[in-house]
Amino acid sequence: MTESTINLGELLNVCIDVAEKAGEIIVGVWKSGKLDIKDKGGDDPFTVADVQSQQLIIGQLRKRWPNLAVVGEEDCEIPSPETLPELQLSQRFNVSQTPNDLQNVSIDDVCVFVDPLDATKEYTLGNLEAVMTLIGIGYKGDAVAGVMFQPFVADGKGRNMWGMRGWGTSPIKREDHAPKIILTTTRTHSSVETDRAIAAIAPDEVLRVGGAGYKALQVLEGTADVYVFATPGTKKWDTCAPEAIIRAAGGELVDMHGKKFRYTKDEPTPNPDGILCVMADLQKYLDRLK
């Protein structure tokens with residue numbers, strides 16, 4: 001018998017653990033040297049680690065909630081639930097602290113967005129700090145919870161971060177810097193539109209790094225003040241988890257016009273109008289971009 005309701009705190013707990021299991025796959029494939037790099041077209045690579053990580057994440061989610069909608073980046077088959085091992089949960093999120101409006105909700109109103117290996121290009125080049133597993137939870141179209149896991153940091157132990165609307169985030173240390181604007185943007189997908197947006201904001205410093213999740217993390221931690229990507233290119237699996245955590249911490253992740261993204265199983269996955277991400281002063285940046 002399939003469940004018609006779901007506690008999003010329980011779902012977040014599973015996502016926290018499966019993100020780390022996916023990280024083990026990503027690290028293992030890297031150490032093996034057998035990435036089996038292929039290209040989807042348009043300089044968009046994927047590896048065996050992308051596929052195997054997605055299979056694990058979606059497989060484990062569907063093992064628990066067979067009718068849960070899950071949208072993943074990779075086009076691959078998902079193992080049958082009976083072939084998957086039982087996952088021993090660490091219970092790092094206290095489910096009793098799940099906000100009332102996110103407990104026992106209709107499973108039909110929930111969709112999980114999975115980027116099993118964000119920053120694949122950086123992964124293939126050995127720029128490993130930017131590599132993340134992103135798992136975002138959409139509820140009634142809003143990004144309400146998410147997990148971002150960096151498998152290659154903290155001396156190989158990895159670093160996991162999560163957040164939920166109305167609860168907050170796991171501990172995240174923010175940096176303070178001198179009063180100036182630091183902007184982070186794409187390292188490999190520059191465009192005339194993005195260059196114009198950067199000029200309009202007129203930052204004091206520009207950081208160019210890979211990975212949508214990593215750039216959002218820079219804003220979350222205070223390494224950067226604003227993340228700008230002015231053209232199409234990202235998808236809902238790139239933004240759902242970062243947006244949920246950014247919002248849970250008090251920030252904003254919207255398109256270049258200030259419009260929120262919608263996360264449902266029926267919503268088109270591309271983000272056609274870019275990304276603007278800040279922890280404060282959203283209107284200031286929108287005004288500069290007019």
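## Start of helix α2

At the start of helix α2, a side-chain oxygen of T47 comes to within 3.1 Å of the backbone nitrogen of A49. This contact, like every feature described here, belongs to a predicted model.

Helix α2 covers residues 48–64, 17 residues in total. Its reach from the first C-alpha to the last is 25 Å, close to the 24 Å expected at 1.5 Å a residue.

The buried residues of α2 are A49, D50, V51, S53, Q54, I57, I58, G59, Q60 and L61. Their cover includes the helices α1 (8–32) and α3 (120–125). Strands β3 (45–46), β4 (69–72), β6 (110–118) and β7 (132–139) are also among the elements that cover them.

## T133 in strand β7

Strand β7 contains T133, which counts as buried at 0% relative accessibility. A polar atom of the T133 side chain lies 2.8 Å from the backbone oxygen of P116.

Leaving aside residues up to four places away in sequence, T133 touches A19, A22, G23, I26, I57, D115, P116, V147, M148 and F149. One of these, I57, is also listed among the buried residues of α2.

## Cysteines

A search of the whole structure finds zero disulfides. The sulfur of C15 is 9.9 Å from the closest cysteine sulfur, that of C240, and is therefore too far away for a bond. For C277, the closest cysteine sulfur is likewise in C240, at 13 Å, which is too far for a bond. A disulfide would require the two sulfur atoms to lie within 2.5 Å.

C15 is buried, with a relative accessible area of 0%. C277 also counts as buried, at 0% relative accessibility.

Terms used
Residues numbered from 1 in each chain as written. Predicted model: local features only at pLDDT ≥ 70, side-chain atom pairs only at ≥ 80, totals over all residues. Heavy atoms only, no water. Buried < 20%, exposed > 50% of the residue type's maximum accessible area, 1.4 Å probe, protein only. Helix = DSSP H or I, 4+ residues; strand = E, 2+ residues; numbered from the N terminus. Expected span 1.5 Å × (residues − 1). Contact = heavy atoms within 4.5 Å. Polar contact = N/O pair within 3.5 Å; in protein donor to acceptor, adjacent residues only side chain to side chain.
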